[in-house]
Amino acid sequence: MTQQTPQPVLCLVGPTASGKTAAALQLVQQARQRGKTVELISMDSALVYRGMDIGTAKPGADERAQAVHHLLDILDPSQSYSAAQFAADARRLIQEIRQRGAQPLIVGGTLLYLKALQSGLSELPQADPAVRAELDAEAARLGWPALHARLAEVDPVTAARLAPGDAQRIQRALEVWQLSGRPLSAHLAAGRADDDPLPLRILSLEPSDRSVLHARIAQRFEQMLAAGFLDEMRVLRQRGDLSPALPSIRAVGYRQAWHYLDGDISAEQFREQAIAATRQLAKRQLTWLRSMPQRQIYDCLEPLRIQVF
């Protein structure tokens, strides 16, 4: 007697501002018309944080009323969340959702989380404050582009997907190299065999014209400002226990807003840097997606024509 192959889990992915939330809710309605229930699992490293709503484009009350959403608002911004934690949470939720007779739909753009869920991650060395302090001191003296050039020598695969000013990721990649003697890309490629392989059906929203996506990113950022993003940032700063060193405040937009409210950059520089960082994020996401040949591509600039239920 042969064992039945598990039904693939649907994953809706794409770069930032590609319309993933709207597309996911369209799929929810499609399923409902066929008598099926879908529950959404957020795959986003910023949406886990409470009080970070506007700058993350978190689904609002109307959107949440249309379907059950998981992994939103599960942490305080002072806490950290990892790809391994996401993979464990997602696997547990997939099982629970299916036991309720519903279907899970994973939605998001944090593609390292997808990698962890699909094939696991190798054990990476823990953060080392001394190494990080050393790298920060070098960056202050030489600049992050110089450290990016060093990374390109020891880990060209990782360097190729990072912008020269992506301080957080350059620092982590060099830290992994110094602590383990192996490139970060080698760790990620190795994976782990702790969990059974999880079959996924990946639906990817990608732009046929990247300039249109860039225009969307700029427009959405202006909408965030009009909706009170800086007021949201001021509330976070007033707590007194948060800093730009935390993963939550390193999120795109929040890091630039913090520097603006510190008086380090002007309002115009804040806008320019936040939009540029968001475009760089979209570029990294698209690079990740190109490494997934099994994905089904849909043009996010056209009306959605996905039939999965």
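Two strands are taken to pair if DSSP finds at least two bridges between them, and in this predicted model leucine 40 stands opposite histidine 69 in strand E3. That pairing belongs to an open sheet of 6 strands, which has the order E3-E2-E4-E1-E5-E6 and parallel pairing.

- Leucine 40, which stands opposite histidine 69 in E3, has leucine 105 as its bridge partner in E4.
- Leucine 105 of E4 is also the bridge partner of leucine 10, and the pairing of E1 with E4 is in the parallel sense, over 4 bridges.
- E4 is mostly covered, with 5 of its 6 residues buried.

**Helices H3 and H4**

- Helix H3, made up of residues 83-99, has 17 residues and reaches 24 Å from its first C-alpha to its last, which is close to the 24 Å expected at 1.5 Å a residue.
- The buried residues of H3 are Ala83, Phe86, Ala87, Asp89, Ala90, Leu93, Ile94 and Ile97, and they pack against strand E1 (9-13), strand E2 (38-42), strand E3 (69-70), E4 and H4.
- Just after H3, glycine 101 takes a positive phi of about 85°.
- H4 lies across E1, E4 and strand E5 (200-206), and the angle at which H4 runs to E5 is about 165°.

**Nonpolar cores**

- The largest nonpolar core has 70 residues, and those with the most contacts inside this core are Phe86, Ile106, Leu114 and Phe270.
- A second, separate core has 21 residues, including Leu40, Leu105, Leu205 and Cys300.
- Leucine 114, one of the residues with the most contacts inside the largest core, touches Cys11, Val13, Met43, Leu200, Ile202 and Met292 when residues up to four places away in sequence are not counted.
- Phe86, another of the residues with the most contacts in the largest core, is among the buried residues of H3.

**Cysteines**

- When a disulfide is taken as a pair of cysteine sulfur atoms within 2.5 Å, the count comes to 0 disulfides.
- Cysteine 11 is in no disulfide, and the nearest cysteine sulfur, that of cysteine 300, is 18 Å away.
- Seen from the other partner, the sulfur of cysteine 300 has its closest cysteine sulfur in cysteine 11, and because the two are 18 Å from each other they are too far for a bond.
- Cysteine 11 counts as buried because its relative accessibility is 0%, and cysteine 300, at 9% relative accessibility, counts as buried as well.

- Threonine 110 has its place in the loop between strand E4 (103-108) and helix H4 (111-119).
- Although threonine 110 is a loop residue, its relative accessibility is 16%, and therefore threonine 110 counts as buried.
- Leaving aside neighbours within four places in sequence, threonine 110 is in contact with Met43, Asp44 and Ser45; Met43 is also one of the residues that leucine 114 touches.

Conventions
Residues numbered from 1 in each chain as written. Predicted model: local features only at pLDDT ≥ 70, side-chain atom pairs only at ≥ 80, totals over all residues. Heavy atoms only, no water. Core = buried A, V, L, I, M, F, W, Y, C linked by side-chain atoms within 4.5 Å. Buried < 20%, exposed > 50% of the residue type's maximum accessible area, 1.4 Å probe, protein only. Contact = heavy atoms within 4.5 Å. Helix = DSSP H or I, 4+ residues; strand = E, 2+ residues; numbered from the N terminus. Expected span 1.5 Å × (residues − 1). Axes fitted to C-alpha atoms, helices over the stretch in contact; angles between N-to-C directions.
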